[in-house]
Amino acid sequence: MGGYGLYVWSAYGFATLILVLNVIVPLRRRTVVMRVLRRLSQAKESE
Amino acid sequence: MLSYAAPKNFYPFAGKLIPWIGFAAVVTLAFGLYLGLFVAPADYQQGQSYRIMFIHVPSAWMSMFVYVVMAAAGAASLVWKTKLAEVLASACAPIGASFTLITLVTGSLWGKPMWGTWWAWDARLTSELILLFLYIGVMALQASIDDPRRAARAAAVLALVGVVNIPVIHFSVEWWNTLHQPASVSKLGMPSIHPSMLAPLLLMAVGFKLYFVAMVLVRMRYQILERERHTQWVAQVVESEK
Amino acid sequence: MNPPSLFTAARNVFMRDLTIALRRSTDVLTPLMFFLIVVTLFPLGVGPEANLLRTMAPGVIWVAALLATMLSLGRLFSNDYADGTLEQLALAPHPLPLLVLAKVCAHWVLTGLPLVAMSPLLALQLNLEPRQMATLVTTLLLGTPVLSLLGSIGAALTLGLRGGGVLVSLLVLPLYTPILIFGAGAVSARAFGLDAEAHLSLLAAFLILGAVFAPWAAAAALRISLD
């Protein structure tokens, strides 16, 4: 990269990191929400 | 068409869309990266460092685009009180903030070889930083209100005030910058655009848009589930997705 | 009994806020002392060199004014919120934005105006040139009402929230940037003998726009917070 490699790759690396984090965080949040909702419905059934 | 605005119908519909849009985003971004990193020639002035432009510029576009989407959704939620618009607005904020952060960091990484400094008070970078603060404000306000409806409406008002202010802020920072412009700093300009550079730039922009749509839908889906948790259809969804 | 006219209602709100604040005068004095102390800390931090202080003075005084205004925003609605007056105002037959404007005017008289009055003293402290003095006072006179107006939106949005005080700074300070740029810019321009008319017209334009639009936004925010 003509001496600029470090800058170019860290820029791309940082962007990738943030974009990937933005995929992981909502998906994990989704599993948490599902777990809570499942517990909620189980609690209702056992009533 | 309108029936998709009901959370009950929107949820499965978005669920079907997400894989397709996500796939399209990955393909577009991969193709854009390939063209940008391996096919486009080096710029005769900036050498290889200009390749940072292929993420910096599209994410700068996105950072503003997402704010406008958020404010428009906020306005819609205040006027028509639709739940979907509220959820859309609150799903936009973290994604927009991420694009703003990417813009700032890549701008800094581009500035170091070009300007010789990590941070210059360049007009565009400075307004981008203030935009980040505006996003953080919206997110902090949402986070500190427990009732989701009130949080969404308060954030909508703030986003609208922000969207009115952004042009003013941008103009004043621009004006401030021309006064204090240090002579040695040249702008992070787009190099004279050659078609082989334009193609990856536009591909990256389209890819980011697709990515944004997919991620907004993912966020909207779980927020809808959370909000509608006491309804029958959510119970069915939970049952079927075991 | 007929409800009082629009003007009387606004004046009553305004006078009420003034009376209450003057009975609790520490509320008025605290932001003012804060303003004084922040400006005094700067020379201690950067050194007493007169030329340096003179170049920094417009920015320092303006930033201190922003912070002092922000500090006082909590007072704008929170007491009325706690004792239920605010709900009465929202139920009044008069348009809420107008009553909010009256409250903002009272807030400015209690915080903005004292800041303006005190600024020449601080300008002397920081070796500001005499010809900059009038510009400083004029910019503060035009700018501090806009700070109160924009601040009212933030105060209304954070009403009754935990950590509202810190939150309001996060919401409001980014919106203050144009005022800071043109306010401090005008005073700096005068240092070079330049004309500051363009800055002042822009600040006046911000004031007019703020007076027209901010009360609407603040009233909408209040209704959301009161829901």
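A quick word on the ground rules. This is a predicted model, where local features need pLDDT of at least 70 and side-chain atom pairs count only at pLDDT 80 or more, while totals for chains, interfaces and linings use all residues. Residues are numbered from 1 along each chain as its sequence is written, chains are lettered from A and ligands numbered from 1 in the order in which they are written, and side-chain values use heavy atoms, with hydrogens and water left out.

Back to chains A and B. How many residues of chain B are in contact with chain A? There are 39 from chain B, and they meet 26 residues of chain A, where contact means heavy atoms within 4.5 Å. One salt bridge is counted between these two chains, the term standing for a side-chain nitrogen of Lys or Arg within 4 Å of a carboxyl oxygen of Asp or Glu. You can find it between the side chains of Arg29(A) and Glu226(B), at 3.0 Å from N to O.

Six residue pairs are also in polar contact between chain B and chain A, with both residues at pLDDT 80 or more. A polar contact is a pair of N or O atoms within 3.5 Å; within protein, one must be able to donate a hydrogen and the other to accept it, and residues adjacent in sequence count only if both atoms are side-chain atoms.

Which elements of chain B give two or more residues to the side that touches chain A? They are helix H1 (7-39), H2, H3, helix H6 (195-227) and helix H7 (232-240). Helices are DSSP runs of H or I with at least four residues, strands are runs of E with at least two, and both are numbered from the N terminus. H3(B) supplies the largest share of that side, 11 residues. By type, the side divides into 23 nonpolar, seven polar and nine charged residues.

Now chain A itself. Its secondary structure is one helix and zero strands, and its C-alpha trace spans about 70 × 10 × 10 Å along the principal axes. Of the 47 residues in chain A, 32% are buried; buried means under 20% relative accessible area, exposed means over 50%, and partly exposed lies in between, with a 1.4 Å probe and protein chains only.

What about the other neighbours? Two pairs of chains touch, and the pair with the most contacts is A and B. Chains A and C do not touch, their nearest C-alpha atoms being 23 Å apart.

Where chain B meets chain C, 27 residues from chain B and 24 residues from chain C take part. They bury about 2,200 Å² between them, 76% of it from carbon and sulfur atoms. Zero salt bridges are found across this interface, and two residue pairs are in polar contact, both at pLDDT 80 or more. On the chain B side, helix H4 (123-144) and helix H5 (148-180) each give two or more residues, with H5(B) giving the largest share, 15 residues. That side holds 19 nonpolar, five polar and three charged residues.

Let's zoom in on chain C. Leaving out residues up to four places away in sequence, Ser152(C) touches Leu73(C), Leu76(C), Phe77(C), Val104(C) and Ala218(C). A polar atom of the Ser152(C) side chain lies 2.6 Å from the backbone oxygen of Leu149(C).

Most residues other than glycine have a negative phi. Lys81(B), though not a glycine, has a positive phi of about 55 degrees, and sits in the loop between helix H2 (53-80) and helix H3 (83-115) of chain B. Asn127(C) has a positive phi near 65 degrees, in the loop between helix H6 (96-125) and helix H7 (130-157) of chain C.

Conventions:
Buried area = accessible area lost by both parts, 1.4 Å probe. Nonpolar A, V, L, I, M, F, W, Y, C, P; charged D, E, K, R; others polar.
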